[in-house]
Amino acid sequence: MNFLTLAKQRCTTRGFNEQKISDADLGQILCAGRVAPTACNKQPQRIVVDRREENIAKIRKAYQTFGSSCVLIVCRDRRNELIRPYDKKCSGDLDIGIICDHMMLEARELNIGSVMVGLFDPAIIREGFNIPEYIEPTALLFLGYPNNGFLSPERHETARKPLNETVFYETYI
């Protein structure tokens, strides 16, 4: 599939049906995350895959799950981070975003919906899944088959700002 076509087809899914994701498809999604670029190839991702109902219930205490029966707790290992020397900005959150984006695009190519959230209580996740202090729960990635199908890829024509409002050449404005 053409990349831009795939990118337009990827959309946030906030309602999943009960159909389970196959091990093969989940493996493909995880492989897409594995090959994602990271700063200086540090590969900070540590992913906890949760498919058992008792674990989904633990996640539900930190954030709603939209009916997903497959949740990836995407963490970053803080022990070997790339830190920008000028302002101490860490690359880890950017890396996790790229990794999640790769996994969401692969999921969509497999006709699996996804939604990534960062607005969850990390303390609940840390405690519920025995995550050590040097591993930071960064994102929850909910996967599954959409209850109501996928949004139209044409939605970007009206739902996105035109390029001339977000892109500047040579200097900002």
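This is a predicted model: local features need pLDDT of at least 70, side-chain atom pairs count only at pLDDT 80 or more; totals for chains, interfaces and linings use all residues.

Biologist: Sheet first. In what order do the strands come?

Modeller: The order is β1-β2-β4-β3, in an open sheet of 4 strands with antiparallel pairing. Strands are DSSP runs of E, at least two residues, and helices are runs of H or I, at least four residues, numbered from the N terminus. Two strands pair if DSSP finds at least two bridges between them.

Biologist: Which ones are the edge strands?

Modeller: β1 (45–50) and β3 (113–117), each pairing on one side only. Neighbouring strands are turned by 25° against each other on average, direction ignored.

Biologist: How many bridges join β1 and β2?

Modeller: 6, in the antiparallel sense, with β2 covering residues 70–77.

Biologist: Now helices. What does α2 lie across?

Modeller: Helix α2 (residues 23–34) lies across β1, β2 and β4 (135–144), and runs at about 165° to β1. Axes here are lines fitted to C-alpha atoms, for helices over the stretch in contact, and angles run from 0 to 180 degrees between N-to-C directions.

Biologist: And how does α2 pack with α4?

Modeller: At an angle of about 145°, with the axes 7 Å apart; α4 is residues 92–109. The contact (heavy atoms within 4.5 Å) involves Q28, I29, L30, A32 and G33 of α2, and I99, H102, M103, E106 and A107 of α4.

Biologist: Switching to aromatics: how many pairs?

Modeller: There are 4 aromatic pairs. Rings of Phe, Tyr and Trp (its six-membered ring) pair if their centres lie within 6.5 Å; planes under 30 degrees apart count as stacked, over 60 as edge-to-face and the rest as tilted.

Biologist: Why do F168 and Y172 count as tilted?

Modeller: Their planes are at 45°, so the pair is tilted, and the ring centres are 4.3 Å apart.

Biologist: Is Y172 buried or exposed?

Modeller: Exposed, at 64% relative accessibility, while F168 is partly exposed at 34%. Buried means under 20% relative accessible area, exposed over 50%, partly exposed in between (1.4 Å probe, protein chains only).

Biologist: Which residues form a cluster?

Modeller: Y63, F66 and F142 form one aromatic cluster.

Technical notes
Residues are numbered from 1 along each chain as its sequence is written. Side-chain values use heavy atoms; hydrogens and water are left out.
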